[in-house]
Amino acid sequence: EAAEKGGYPHFVLKEINEQPDALRRAMLGRIRDGQLHLPELEKLRKEGLFDRVQRIIIVACGTSYHAGLLAKYVIEQWARIPVEAITASEFRYCNPIVGPETLCIAVTQSGETADTLVGIRQAREQGAPVIAVTNIVASAITRLSDAVLYLQAGPEIGVVATKTFVTSVVVLYLLGLYLGEQRKRIRSEQMSAFLAALEHLPDQVQHILDQAAGPDDVIAPLARRMASVSNMMFIGRGVGYPTALEGALKLKEISYIHAEGFPAGELKHGSIALLDPDTPLLGIATSSHIYEKVITNIQEVRARDARAIVVATEGDERVKQFADDVLYVPATLEAFSPLLAIIPLQLFSYHVAVARGCNVDQPRNLAKSVTVE
Ligand code: AGP
């Protein structure tokens, strides 16, 4: 087993560190000579699906659902098709309105999650076309789908999803760009800029990982200082919101600290009552069109004496006046910022869990794939 861990103390840490390669594999062959290629979708394209689709529903659970929430933001922007991301255990019982003009996208790294499979089977029975996004070749979801986009992330042994999260996001984003291209909503120079930014991401993730492994790492020391808290809150806006949800889920899963993710603007509608000096807040404040709004929300929190840890873009010195601790990530396009912001959050959760003596590779009560309802 030590050999399988490749010198890392845990599979989770190994898999966090494999993310640059996993991202490269997820894009391999799909971005070529500055152009997007998704041959897996050719049959559906020829059938005219991408011209006629009126609505998209993304069906998924847990971390895959968070990837789906991110995809909602970008697909709506890039393709101008309405998108709903819904958790599969709700979708299967809500008698959803779907039909041949509703594209269903199933996101499931294992391809075996029971709720996702049942929900998708029902949608198919009503005539909805299905695209699966999965890591496992020939898994159950692939037999229920009209097309499959594989993550190509390589095996993930740790129960918590790390590299399958970032690769799910990238594959969904590629699908979003493809839809934008098919609907003639993305100009070729915009496409080139998006693809170039995507191709740059693996090196940027590597940069975060290298810093975290070096003598100037701030994440592990911060995690050790936070290891005894009982509650934590994560906030973000726009694509920062699903990132906050995923950051909170990671912390819950492996450290057993109670953590919640919120849209930053929703805090003052109730949850801010939970904040006190013993409940740190983690804010996602990377560069975005709503950066100032997030900063305002972080200031509201600090006014309650809560400690603020902020994920920000390198070069943003101003943020230091609003934060007790800053975790910097490189600059990218706003849409892609979650793929960088999530890396320090994964490392933070990992180090908190190790400091608390938790079983990080196999957390209590969790299974890698949930094949029963
Ligand atoms: C992720 O860290 C979790 N273990 C869990 O939320 C997971 O994402 C969920 O069960 C969905 O799994 P799937 O992607 O295999 O369908």
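**View 1. Strand β3, helix α5 and strand β4 form a right-handed β-α-β unit.** In this unit, helix α5 spans residues 62-79, and the crossover is called right-handed because, with the strands pointing away from the viewer, the path from the first strand over the helix to the second runs clockwise. Helices (H or I, at least four residues) and strands (E, at least two) are DSSP runs, numbered from the N terminus. The model is predicted, so that local features need pLDDT of at least 70 and side-chain atom pairs count only at pLDDT 80 or more, while totals for chains, interfaces and linings use all residues. Residues are numbered from 1 along each chain as its sequence is written. Strand β3 (residues 55-60) pairs with strand β4 (residues 83-87) in the parallel sense over five bridges, pairing being assigned where DSSP finds at least two bridges between two strands; Ala60 has Thr87 of β4 as its bridge partner.

**View 2. Five strands make up an open sheet with parallel pairing.** The order of the strands is β4-β3-β5-β6-β7, and the edges are β4 and β7 (147-150), each of which pairs on one side only. Direction ignored, neighbouring strands of this sheet are turned by 20 degrees against each other on average. Strand β6 (residues 130-134) runs parallel to β7 and is joined to β7 by four bridges, with Ala132 standing opposite Val148 in β7.

**View 3. Helix α8 lies across β5, β6 and β7.** This helix comprises residues 163-182 and runs at about 150 degrees to β6, where axes are lines fitted to C-alpha atoms, for helices over the stretch in contact, and angles run from 0 to 180 degrees between N-to-C directions. Contact between two residues requires that their C-beta atoms, placed from the backbone, lie within 7 Å.

**View 4. Strand β8, helix α11 and strand β9 make a right-handed β-α-β unit.** Strands β8 (residues 231-236) and β9 (residues 258-263) pair in the parallel sense over six bridges, and Asn231 has His258 in β9 as its bridge partner.

**View 5. The axes of helices α11 and α13 come within 9 Å.** Helix α11 (residues 240-255) and helix α13 (residues 337-355) cross at roughly 20 degrees, which means that α11 is roughly parallel to α13, a term for angles under 35 degrees, with those over 145 counted as roughly antiparallel, 65 to 115 as roughly perpendicular and the rest as oblique. Residues making the contact include Glu246, Lys250 and Leu251 of α11 and Ile342, Leu345 and Tyr350 of α13.
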